[in-house]
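Let's take a walk through this protein model, one region at a time. Keep the sequence and the 3D view open as you read.

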Amino acid sequence: MTSPASLAEALRALASDPGMVPIAGCTDLMVADPVRRLAMGAVLDLTRIPELQGIAEADGWIEIGAATTFRALGEAPLVEATYPALAAAARVVGGWQIQCRATIGGNVANASPAGDSLPVLLALGARLVLAGTAGEREIPYEEFHVGYRKTALRRGEIVARVRLPRPAAGTVQAFRKVGTREALSISKVVVAMAGRVEGGAIAALRLAAGSVAPVPVRLRAAEEAAIGRPPGAETAERAARAAAAAVEPIDDVRSTAEYRRWALERVVRRMVMELR
């Protein structure tokens with residue numbers, strides 16, 4: 001395992017051996033199939049790099065280093081005050097031992113459709129800063145997941161920072177994870193919302209979900225069913241039905257497609273009702 005002390009050192013190491021596997025917490029890799037682990041080359045540990053840690057305001061945005069742990073996110077007053085949905089998600093990632101090690105960049109790059117923080121980042125309109133030896137580039141988070149466990153990262157790149165815009169005044173955020181138990185549970189369905197009411201109608205709405213498709217998804221049909229309408233039971237029902245009709249869940253060891261669609265519909269209904 002290589003443990004660089006700076007971002008530049010990490011990128012040089014990755015350029016010299018593109019087969020290296022970058023890790024930023026390793027909570028998923030440690031329990032991976034033994035065959036998968038044996039097939040990997042060297043491991044690049046990113047957790048000790050100062051440039052990849054911390055939460056700070058920059059140019060009207062709030063930036064989160066990719067190696068920032070979920071424990072730090074869940075306890076940060078700035079995150080709780082500005083992005084309560086993200087703080088809520090951070091506090092249900094595994095148990096407290098996992099939260100002390102798992103990082104937001106690792107959750108994003110691991111690209112599991114069940115990742116707890118991923119729908120929140122979609123709902124909040126996040127952008128990602130990706131770093132490589134050629135420099136940095138920034139992309140909307142919506143463009144990052146290109147297939148099941150596949151991302152827009154280029155060879156030799158890592159996730160460096162997550163950038164979040166400040167929500168407009170009056171924005172309501174919500175997060176809900178549906179699992180077998182309260183902690184140490186992989187999501188059966190995970191949903192996040194950011195919405196705003198103006199002049200008696202829903203003026204803005206972003207809904208996103210995980211564990212209901214090969215990648216975390218925006219629930220655009222549900223958004224369109226609600227925007228411009230007065231908040232209330234009828235609008236919430238329209239959005240919920242649109243959400244359930246738009247997803248492609250699967251049957252697996254954790255749940256069935258039928259239950260996932262049922263749970264998603266009910267969670268979306270309750271979230272949209274919160275806009276009242």
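## Ground rules

Two residues are in contact here when they have heavy atoms within 4.5 Å of each other. This is a predicted model, where local features need pLDDT of at least 70, side-chain atom pairs count only at pLDDT 80 or more, and totals for chains, interfaces and linings use all residues. Residues are numbered from 1 along each chain as its sequence is written, and side-chain values use heavy atoms, with hydrogens and water left out.

## A loop residue: E51

Start with E51, which sits in the loop between β2 (43–45) and β3 (55–58); helices (H or I, at least four residues) and strands (E, at least two) are DSSP runs numbered from the N terminus. With a relative accessible area of 41%, E51 counts as partly exposed, because that label covers what falls between buried (under 20%) and exposed (over 50%), using a 1.4 Å probe and protein chains only.

Leaving out residues up to four places away in sequence, E51 touches A5, S6 and L7. A polar atom of the E51 side chain lies 3.3 Å from the backbone nitrogen of L7.

## The open sheet

Now find the four strands that make an open sheet, in the order β10-β11-β12-β13, with antiparallel pairing. Strands pair if DSSP finds at least two bridges between them. At the edges are β10 and β13 (217–218), each pairing on one side only. In the antiparallel pair of β11 and β12 there are 9 bridges.

## Helix α11

Helix α11 (residues 257–273) has 17 residues, and its end C-alpha atoms are 24 Å apart, which agrees with the 24 Å it should span at 1.5 Å a residue. That expected span is 1.5 Å times one less than the number of residues.

Several α11 residues are buried, including L264, V268 and M271. The buried residues of this helix pack against β10 (172–178), β11 (189–198), β12 (201–210) and α10 (233–246).

## Two nonpolar cores

A nonpolar core is a set of buried Ala, Val, Leu, Ile, Met, Phe, Trp, Tyr and Cys residues joined through side-chain atoms within 4.5 Å. The largest one has 37 residues, and L86, Y141 and L164 touch the most other members. A second, separate core of 30 residues includes V189, V217, A239 and M271.

Terms used:
A polar contact is a pair of N or O atoms within 3.5 Å; within protein, one must be able to donate a hydrogen and the other to accept it, and residues adjacent in sequence count only if both atoms are side-chain atoms.
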